Number of protein chains: 2
Amino acid sequence: MTDSRIASLQQACPGLKLKTDPADLEHYGRDWTRRWTPAPLAIALPATVEEVQAVMRWSAGEGVAVVPSGGRTGLSGGAVAANGELVLSLERMNKALAYDAVDRTLVVQAGMPLEALHNAALDHGLIYPVDFAARGSCTIGGNIATNAGGIRVIRYGNTREWIAGLKVVTASGELLELNKGLIKNSSGYDFRQLLIGSEGTLGVIVEATVKLTDPPPASNVMLLALPSFEVLMQVFAAFRARLQLQAFEFFTDRALEHVLAHGAQAPFDEVHPYYVVTEFAANDEAQEAAAMAAFEDCMGNGWVSDGVISASDAQAAQLWRLREGITESLARYKPYKNDVSVRISAMPAFLAETQALIGQAYPHFDVVWFGHIGDGNLHINVLKPDDTSDADFVAQCEQVTKLLAQVLARFDGSISAEHGIGLVKNGYLDSTRGPAEIALMKAVKRAFDPQARLNPGKLFDV
Amino acid sequence: MTDSRIASLQQACPGLKLKTDPADLEHYGRDWTRRWTPAPLAIALPATVEEVQAVMRWSAGEGVAVVPSGGRTGLSGGAVAANGELVLSLERMNKALAYDAVDRTLVVQAGMPLEALHNAALDHGLIYPVDFAARGSCTIGGNIATNAGGIRVIRYGNTREWIAGLKVVTASGELLELNKGLIKNSSGYDFRQLLIGSEGTLGVIVEATVKLTDPPPASNVMLLALPSFEVLMQVFAAFRARLQLQAFEFFTDRALEHVLAHGAQAPFDEVHPYYVVTEFAANDEAQEAAAMAAFEDCMGNGWVSDGVISASDAQAAQLWRLREGITESLARYKPYKNDVSVRISAMPAFLAETQALIGQAYPHFDVVWFGHIGDGNLHINVLKPDDTSDADFVAQCEQVTKLLAQVLARFDGSISAEHGIGLVKNGYLDSTRGPAEIALMKAVKRAFDPQARLNPGKLFDV
């Protein structure tokens, strides 16, 4: 507590809650990536927009960099503070501020956990439909900063579609009120859209007006066993043509093994190489008949070997657990994660080429595949063998990512579908974005943050 | 043709089609606003992306400003060339380039008219759902540059929701390929979103990947007669609660009079002060019963005085003509147009205050009201009396717009819901956007276009 900059921060913002214990620096200084050693200057936990503004003005005066921080569930190092930055945690700004039944919007503070937002929407008989496994810990501010996707994108789109307004504190401490909940507003550049997915590099998101919608009709969950990788897109097409899909998620036998070892119950007597969990509207007989027709079509074509459909909410949750439990079940292996996307139409050729590359490149590593196949989004998790050092393991994986980035560039794909670039992928940004685009990104960064104090090193070095 | 800059353009881009006749300069130098005298240097009509790039490189070398130009149906002067600019018309780049059935996308050149895009989508059994009266003349490039809204926003959103990728030529002639049709792409700033609605000030949109969707279920169109302005939002709420609305459009008796004088058929024997045209899904008996229930609820409450429901597609078209014919029927009166929006929840109070302001401010002018009330978007058209000069008329209207802008600022509304800022409204931008936001908009403009050669004077002066 003897650092003069901390004293000046306390003077600049007298009521501000600060943490400087080593355990807090460690806790708040990193996200779910474990590659960097946390080394923040301190942790600021403001309670109001005004305190956030005061922090940013202090940052401008002292030249101290700031890392905006939500639930720190990110997988790309976007919330890591390893270079003496001030971590600006939004966790105390976690409340719903206003609901409007006519606009069907909820105004929330950025630090509200996603699950709390889900519950707040349900209190009004509506839903906030973006969803994924980290819901209990991640925050809406972090979701917006990375344009989070998840398991319902096929039906509801990414976070971007659900944000009607944003309040953002700039690098110099000014408050921007972006779009203000309007449906139509053609009055110049839509900075709300620019801030969504900007990974804390352009401003600190402090408040959001989120759109809510009607709960979906009753749905069924189906687990399908597939005999090969090649039929995956045919199964997807057969189901998409007949049903209103709410999710279509894929994983391999290796993924299932880890989830089962973690305590889940085996869905089939036999082992199959590939699985799909899909959820679809099923609120009348016609829809249930369509689901059976899709299933039988796939069985008849040999694309599906077995299947089970949920007969209750409890069984639906059990089937979902097989997919949603994957990330947690892999955590102890410190997995190296690729999170890539291509257009759905490019998926079959891309999957074939990627499978060949990965098979050849990682002969000795356990590789677990899963993903949101209906969005063109594939997750590849490479598990670290116990006898390989962290550094060696990452170095070997990075060699493969370089090759994967080349494949992606040929397929017009993205090196980051939904995790963001952060620190983990900024060396690969140029496989997805052209040099003129990257130069303009840096120019826009300078326009918003000329001293590069906001989340420095994330996305790119300016 | 003796201007040395035109000679240098022909040398820089030998095959480029150019027009320099006075009639062409007049025709291409303005949009549907009639407030400025066209005075472009010349009209370039490139046929390829490479020619657009060559034009922009020439522009950089010669320091000549460029006005990107689509169908020039804009109502805010966004496509006006009144200061020796080169007009860059995309009208020859008007083709569909590729359809993908799996992605459900169509790649089109920017100069494709909206109606041609509608038809191209229907050729594949799908729809492009953004729609409005200028469909025959406006182009998808112009629609994107203004994030066009129209009559289906309540169901399908604005143009922004339907753009999966953009190709854009920058001020320096570089080609940006933005998002490339991906559903998920969290790899830095989404410049696709920034370009949408940027009114030609950040780059020239040359190509778009548009999303298509299933045709809507069978629908009915209903025309409602309302006894007063105050009940409008109640009628909207009653219909929205029961029906899947595809449109909910409002207009006044004064608007109807002009459309009838233009040849349309009167819908009712009696004259009513206010009308609503609404379209909603009606593909089964339950939905038709819900529509009747909504109507009877409104009649019972005295919110609706009369109504007619379409019994055929022809009658539906006839009812729609009453709303869609308004703009054309007013054109000869050189209307001064306000195009404003607030949140739906703010609409009742805003309408009351605006009606009082307009009634007081324009005692002698014919004022025609209509709008997309379900999106919070109101159009106010003030008709020029024959005995008032153009300049006097605009000057008087601008006095009222200043007051209206103050009302909007208090209601967190927008001075431009869907027409854009252009030249017409750049004096009022600060009623909708704060000073820090406008400063950042100018900084972003400088990042993209440091010499301010792209559509100068539009949105703001840099």
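**Figure 1. Four strands of chain B form an open sheet.** In this predicted model, the strand order is E1-E2-E4-E3 (chain B), and the pairing is mixed. Strand E1 (17-19) and strand E3 (66-69) of chain B stand at the edges. Each has a single partner strand, so one side of each lacks a neighbour in the sheet. From one strand to the next, the twist averages 25 degrees. E3(B) pairs with strand E4 (residues 86-89) of chain B. The two run parallel, over four bridges. Within this pair, B:Ser69 stands opposite B:Ser89 of E4(B).

**Figure 2. Helix H3 of chain B lies across the sheet strands E2, E3 and E4 of chain B.** The helix spans residues 49-62. Strand E2 covers 42-45. H3 of chain B runs at about 165 degrees to E4(B).

**Figure 3. Chain A also has an open sheet of four strands, in the order E1-E2-E4-E3.** Pairing in this chain A sheet is mixed. The edges are strand E1 (17-19) and strand E3 (66-69) of chain A. With a single partner strand each, they are left with one side that has no neighbour in the sheet. The twist averages 25 degrees from one strand to the next. E3(A) and strand E4 (residues 86-89) of chain A run parallel and are joined by four bridges. One residue pair to find here is A:Val67 and its bridge partner in E4(A), A:Val87. Helix H3 (residues 49-62) of chain A lies across strand E2 (42-45), E3 and E4 of chain A. Its direction is at about 165 degrees to E4(A).

**Figure 4. Chain A and chain B superpose by a turn of 180 degrees.** The RMSD is 0.0 Å, and the shift along the axis is 0.0 Å. The two copies are therefore related as by a two-fold rotation axis. The same surface serves both copies. Of the contact residues of chain A, 100% recur in chain B.

**Figure 5. The largest nonpolar core has 251 residues.** A:Phe239 and B:Phe239 have the most contacts inside this core. Helix H14 (residues 390-410) of chain B supplies its largest share, eight residues.

Figure 6. Over all chains, the structure holds zero disulfides.

**Figure 7. Strand E14 of chain A is largely enclosed by the rest of the structure.** The strand spans residues 336-341. Six of its six residues are buried. In a regular strand, side chains alternate between the two faces of the sheet. Both faces of E14(A) are covered. On one side, A:Tyr336, A:Asn338 and A:Val340 are buried. On the other, A:Lys337, A:Asp339 and A:Ser341 are buried. E14(A) pairs with strand E16 (residues 377-383) of chain A. The sense is antiparallel, over six bridges. A:Tyr336 has A:Val382 as its bridge partner in E16(A).

**Figure 8. A:Glu207 is a buried residue in strand E9 of chain A.** E9 covers residues 204-211. The relative accessibility of A:Glu207 is 13%. That value is under the 20% limit, so A:Glu207 counts as buried. Leaving out residues up to four places away in sequence, A:Glu207 touches A:Val49, A:Leu97, A:Val107, A:Val108, A:Gln109, A:Ala110, A:Gly165, A:Leu166 and A:Lys167.

**Figure 9. B:Ala120 belongs to helix H4 of chain B.** This helix spans residues 114-123. B:Ala120 is buried, at a relative accessible area of 12%. Beyond its neighbours within four places in sequence, B:Ala120 is in contact with B:Leu106 and B:Met112. B:Lys95 lies 25 residues apart from B:Ala120 along the chain. The C-alpha atoms of B:Ala120 and B:Lys95 are separated by 9.6 Å.

Technical notes: Residues are numbered from 1 along each chain as its sequence is written. Chains are lettered from A and ligands numbered from 1 in the order in which they are written. This is a predicted model: local features need pLDDT of at least 70, side-chain atom pairs count only at pLDDT 80 or more; totals for chains, interfaces and linings use all residues. Side-chain values use heavy atoms; hydrogens and water are left out. Two strands pair if DSSP finds at least two bridges between them. Axes are lines fitted to C-alpha atoms, for helices over the stretch in contact, and angles run from 0 to 180 degrees between N-to-C directions. Contact means heavy atoms within 4.5 Å. Copies are superposed by least squares on the C-alpha atoms of residues with pLDDT of at least 70 in both. A nonpolar core is a set of buried Ala, Val, Leu, Ile, Met, Phe, Trp, Tyr and Cys residues joined through side-chain atoms within 4.5 Å. Buried means under 20% relative accessible area, exposed over 50%, partly exposed in between (1.4 Å probe, protein chains only). A disulfide is a pair of cysteine sulfur atoms within 2.5 Å.
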